[in-house]
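Try each task before you read its solution.

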Amino acid sequence: MEKTTFRIPKMDCPSEENLIRMKLDGTASIKNLDFDIPNRELTVFHEGSLAQIEKSIGELNLGSQMISTEFTEQTLFEENSNQKKLLWTVLAINFAFFGIEMTTGLVSRSMGLVADSLDMLADAFVYGISLFAVGGTLIRKKRIAKLAGVFQLVLAMLGFVEVLRRFLGKEAMPNFETMIVVSVLALIANGICLYLLQKSKSKEEAHMKASMIFTSNDVIINIGVICAGVLVNWLQSNKPDLIIGSIVFVLVVQGAIRILRLGK
C-alpha cells in the first residue's frame, strides 16, 4: 500500500471533494481517499501505479500537485469504519422495527403495519447488502444498488397480492390505537436513521443513496399509517388500512425504480 499526498489549491469546499470522488471512484487501485479541505490537501491510499491517479486529478484543472508519496502499512480507514458503524446502526433499528410492526400488525389485524414491517425488513436487507459495498469500487457499488432495487420490486409484487386478497375477502377491522402508537414510534426511528445517513460523508455514493431513498420512503409511509389509523376509527371501516397498504407498495415500486437508475 502506498500513501500519496496532493496539494489542490482550488479545493475550497465539499463540492470539489465530491467532484474528485466521482472522478476517482472507478479507479480500482484506490483503497481510500482522505480529504483535508482547510489545508487544500488530498491523501490517496492506493496500490500499484500512481500515473493514472495523478492524470485523473490533473484533468479536473484544480491546480493539483503531488507533494509526497511513501509506503504505508495502514489497511483500516476511519471513513470506511464509520460508514460500517452507521450501516450497522440503521440495520439494527430497521430489523428491530420489522419484528415489532410484524407482531403488532398481525395481532391488531392491520395490513398497514404488516406492509410497513415488510418494508422495514427490505431496508434491513439493503443496509446489510450495503455493508458489502463499503470500500468497494464504483462498479461493485452500482451492482449493489441494482440488487437492492430488484429486491424491492419483488417485495412490492408480493405485497400487492396480499392487499388484493384482503380486499376481496372479509377481514376484521384493525385496532386503530395500535396502528397509531406503533407508527409514531417507527416514524421516530426512521427520522433518526435518515438524520444519521444524511450526516455521512459518503452519502453521494450509490449504495448510500439507495439507503437514504428507502428511509425517506419509510418516513412518508409511517405518516400514512398514522392517518389510516385515525380514519379507521372515524369511519369504522378497515378500508383505510387496506388503502394505505396499497399505497405503501406503490411507494416501494417508485423507490425501486429510482434505485435501479442509480445502478446504471
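Phe98 is buried, with a relative accessible area of 18%; buried means under 20% relative accessible area, exposed over 50%, and partly exposed in between, with a 1.4 Å probe and protein chains only. Before you go on, note that this is a predicted model, in which local features need pLDDT of at least 70 and side-chain atom pairs count only at pLDDT 80 or more, while totals for chains, interfaces and linings use all residues. Residues are numbered from 1 along each chain as its sequence is written, and side-chain values use heavy atoms, with hydrogens and water left out.

**Exercise 1.** Find the aromatic pair and classify its geometry.

*Solution.* 
- Step 1: Rings of Phe, Tyr and Trp (its six-membered ring) pair if their centres lie within 6.5 Å; planes under 30 degrees apart count as stacked, over 60 as edge-to-face and the rest as tilted.
- Step 2: Searching the whole structure gives one aromatic pair.
- Step 3: Its members are Phe95 and Phe98, whose ring centres are 5.8 Å apart with planes at 45°, so the pair is tilted.
- Step 4: Both sit in helix α3 (residues 78-108), three residues apart, which separates them by about one helical turn. Helices (H or I, at least four residues) and strands (E, at least two) are DSSP runs, numbered from the N terminus.
- Step 5: Phe95, at 48% relative accessibility, is partly exposed, whereas Phe98 is buried at 18%.

**Exercise 2.** Work out how β3 is paired with β1 and with β2.

*Solution.* 
- Step 1: Two strands pair if DSSP finds at least two bridges between them.
- Step 2: Strand β1 (residues 2-7) runs antiparallel to β3, and six bridges join them. Here Thr5 stands opposite Thr43.
- Step 3: β2 is also antiparallel to β3, again over six bridges. On this side, Thr43 is the bridge partner of Asp34.
- Step 4: Five of the six residues of β3 are buried, so this strand is largely enclosed by the rest of the structure.
- Step 5: Now look at the turn: β2 and β3 form a hairpin with four residues between them, and Arg40 there has a positive phi of about 55°. Pro38 is in this loop, between β2 (30-36) and β3 (41-46), and counts as exposed at 67% relative accessibility.

**Exercise 3.** How many disulfides does the structure hold?

*Solution.* 
- Step 1: A disulfide is a pair of cysteine sulfur atoms within 2.5 Å.
- Step 2: The structure holds zero of them.
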